[in-house]
Amino acid sequence: MTVHSDNLQTDLRINSPDDFYQELIELHAGLSDDESQKLNARLILILANHIGDITVLRQAFQYARPRDAGSHTAFTNQ
Amino acid sequence: MAAKYPDLGSAAGKAKQARQTYEFIKPAAIDSGEVAHLPVIIVGGGPVGLAAAIDLAGHGIQSLILERSNTVSDGSRAICWAKRTLDICDRLGTGERMLDKGVTWDVGKVFVGADRDPVYTFDLLPDKEQKMPGFINLQQFYTEEYFVAEIEAMDRAEIRWQNEVIAIDNEPDKVTLTVKTPEGEYHVSCDYLIAADGHRSPSRALLGLGFEGRIFEDNFLIADVRMKADFPAERRFWFDPPFNPGQTSLMHKQPDDVWRLDFQLGWDIDRTEAMQPENVDKKVRAFIGPDVEFDYEWVSIYTFSCLKMKNFVHNRVIFAGDAAHLVSPFGARGANGGLQDADNLAWKIAYVLQGLAPPELLNTYDDERICAANENILNSSRSTDFMTPKTKVSRFFRDACLELSRELPFARALVNSGRLSVPCVLDQSPLNTSDTDDFSPKQRPGAACMDAPVQLDGKDSWLLEQLGWTFKGLYFAAEDEDFRGAEALAQGSLPVEVIVVRTRGSAGLVDQQGLVAKHYDARPGTFYLIRPDQHVAGRWRQFDAQQVQQALRKATAQA
Ligand SMILES: Cc1cc2nc3c(=O)[nH]c(=O)nc-3n(C[C@H](O)[C@H](O)[C@H](O)COP(=O)(O)OP(=O)(O)OC[C@H]3O[C@@H](n4cnc5c(N)ncnc54)[C@H](O)[C@@H]3O)c2cc1C
């Protein structure tokens, strides 16, 4: 399989997925819903910057948005 | 004084002294009934209408400004004038006056919370070797007064104060107006009407045209205060400062010891209550401290919107400035954008009226300025959305950016306190001849020309002072090269004046520091064709008169 750097990687890339998942959940331990939301926001921004490539990020946006929620209007389309 | 926008705020303290007012002179047509005809009439003597008249006069076109009030801008309106505006005003003759009176600044700082160190600092003029700075601050009425003074000294432009346009007949071959004055009504007609009558544009309503977009659910208290203070001149912007918790604030210096203080208030507020002097006092005191003596110039509460017409050109009526597009002030894209409309429109109307270009040239004002308006609205909306998050989740992201910005450099770039006005590159313009040779993109076709220091016949000068008003060529010559191409362009109905750029010598234009060549990515043989509004029309690595002529036809909508 050829991996293009401008494509979102959807095969498993995390070494120990169960560890990752547990740590992600535990990261929120003891936080209120609002605090958790803020944490998520910070995390998304940090990870998004790490990815950097806007085309990859847009692919991730597509996967993340519920299929039945209709398309979102992005400023980039204006 | 007839206030222009009386519902927008209240004069306080010194501002109660009116600005200069201008005399109403009864037009002869009221009694004679004669319908005079002019090449161009401009509705509205705001910055955009005034600039258009000066520009047209410079092109030899007579125009008449009809202005409803008897004075220049009142209230707290534009203070930040961008480099491109100053370049335009320099061409029109008021740039140096603005620069002399204005407070020069290039740097903006963004603060979060009580931190004394900014999270983000931007420099709007990374390249200092230019005649004009990144920005100056100057009260809008000064900009307008300087324009009015120019016009009063001109034969080809006239302003009629207290002349209100109340009807517009947009006929196929002319536009006829009904004008109301304190001493009666009259009619007057023109080939083209520039509607520069502001965001509430009566012209728009008279033609039944729409104005669509977004209204932002937020209120901003703007207090222009007079005080002796040694705060820095840079633009300082706060998110969530202790003196206005949970909201934004801004402090910016103006001439005459006046400072603009801006307080975001939120949506669900009692506006009358917020305007009570004791409540305004509290806010101002919390901001500037207990000891500084101050006096109010003007206090107002604003809500902001981003609105736009679908098209700006409607047969013989052409909309410009706030009448055509409205932005929120964060980014200073209102008047700065509007003056670029005037800059874009004046030469096109002149060329069409003088038979140098077909009327289709005017449609390219629509192409180019709608594009620019979209860019301004996009930037302004993004800033306003960042300051006033619309949903809970957008507030979480906004706050996350602010929190992270303290520690992580990338987040600082996301903090949006206004992306300040820069000229739109007219990339999609039908007037451009696309690059066929290899060039760096900075001065690509559609870009406004950047300035650089030059020598002209041995004297210090600036590149931009040599450009504008007509089509000009810039030819970068090899040392001691005897360039002969200019003659081929000097003929015809649209002669192009070629400026030869040399690297040394004492005659002609000399790029001693090599900055012109650097900015324009030029080598010996490089040729630029430049429009009357100082935008690049086309460029080549080698001069070919036929290619330039072709580009000239394209840039005047003839091909
Ligand atoms: C708080 C605030 C801060 C701002 N800060 C900035 C800034 O820093 N930088 C910036 O670039 N912009 C700024 N702006 C925007 C700027 O003030 C406007 O974009 C600018 O005034 C638009 O100029 P204009 O000539 O298009 O319209 P206007 O200035 O509104 O002028 C329109 C004129 O038309 C006249 N008129 C209206 N109807 C008629 C009629 N029927 N007949 C005859 N005359 C008529 C009016 O009297 C008025 O003089 C700010 C605005 C606000 C509110």
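The angles in these legends run from 0 to 180 degrees between N-to-C directions, taken along lines fitted to C-alpha atoms, for helices over the stretch in contact. The views show a predicted model.

**Strands β4, β8 and β5 of chain B form an open sheet.** The 3 strands follow the order β4-β8-β5, and their pairing is antiparallel. At the edges of this sheet stand β4 (80-82) and β5 (103-105) of chain B, each of which pairs on one side only. On average, and with direction ignored, neighbouring strands of the sheet are turned by 30° against each other. The antiparallel pairing of β4(B) with strand β8 (residues 135-137) of chain B extends over 3 bridges, and C80(B) stands opposite N137(B) in β8(B). Helix α3 (residues 83-92) of chain B also packs on the sheet, where it touches β4 and β8 of chain B, and its direction makes about 75° with that of β4(B).

**Strands β13, β19 and β22 form an open sheet of chain B.** In this sheet of 3 strands the order is β13-β19-β22, again with antiparallel pairing. The edge strands are β13 (212-215) and β22 (325-326) of chain B, and each of them pairs on one side only. Between β13(B) and strand β19 (residues 305-308) of chain B, which run antiparallel, there are 4 bridges; R214(B) stands opposite C306(B) in β19(B). Helix α10 of chain B, which spans residues 360-387, packs on the sheet and touches β13, β19 and β22 of chain B, with a direction that makes about 165° with that of β19(B).

**Strands β23 and β24 of chain B form a hairpin.** Strand β23 (residues 453-456) of chain B pairs in the antiparallel sense with strand β24 (residues 459-462) of chain B, and 4 bridges are found between the two strands. P453(B) stands opposite W462(B) in β24(B). The hairpin has 2 residues between β23(B) and β24(B), and D457(B) in the turn has a positive phi of about 50°.

**A salt bridge joins E234(B) and K109(B).** The search of the whole structure finds 34 salt bridges over all chains. In the pair shown here, the side chains of E234(B) and K109(B) meet with an N to O distance of 3.0 Å. The two residues are 125 residues apart and link distant parts of the chain: E234(B) belongs to the loop between β14 (219-227) and β15 (235-239) of chain B, whereas K109(B) belongs to strand β6 (residues 107-112) of chain B.

**Chain A and chain B are in contact.** On the side of chain A, 11 residues are in contact with 16 residues of chain B. The two chains bury about 1,200 Å² between them, and 75% of this area is on carbon and sulfur atoms. Across the interface of chain A and chain B the rule finds 2 salt bridges; in the salt bridge of R42(A) with E403(B), the closest N and O atoms are 2.4 Å apart. With both residues of a pair required to have pLDDT 80 or more, 2 residue pairs are in polar contact between chain A and chain B. The side of chain A that touches chain B is made up of 5 nonpolar, 3 polar and 3 charged residues.

Definitions and conventions:
Residues numbered from 1 in each chain as written. Chains lettered and ligands numbered in written order. Predicted model: local features only at pLDDT ≥ 70, side-chain atom pairs only at ≥ 80, totals over all residues. Heavy atoms only, no water. Contact = heavy atoms within 4.5 Å. Buried area = accessible area lost by both parts, 1.4 Å probe. Salt bridge = Lys/Arg side-chain N within 4 Å of Asp/Glu carboxyl O. Polar contact = N/O pair within 3.5 Å; in protein donor to acceptor, adjacent residues only side chain to side chain. Nonpolar A, V, L, I, M, F, W, Y, C, P; charged D, E, K, R; others polar. Pairing = 2+ DSSP bridges.
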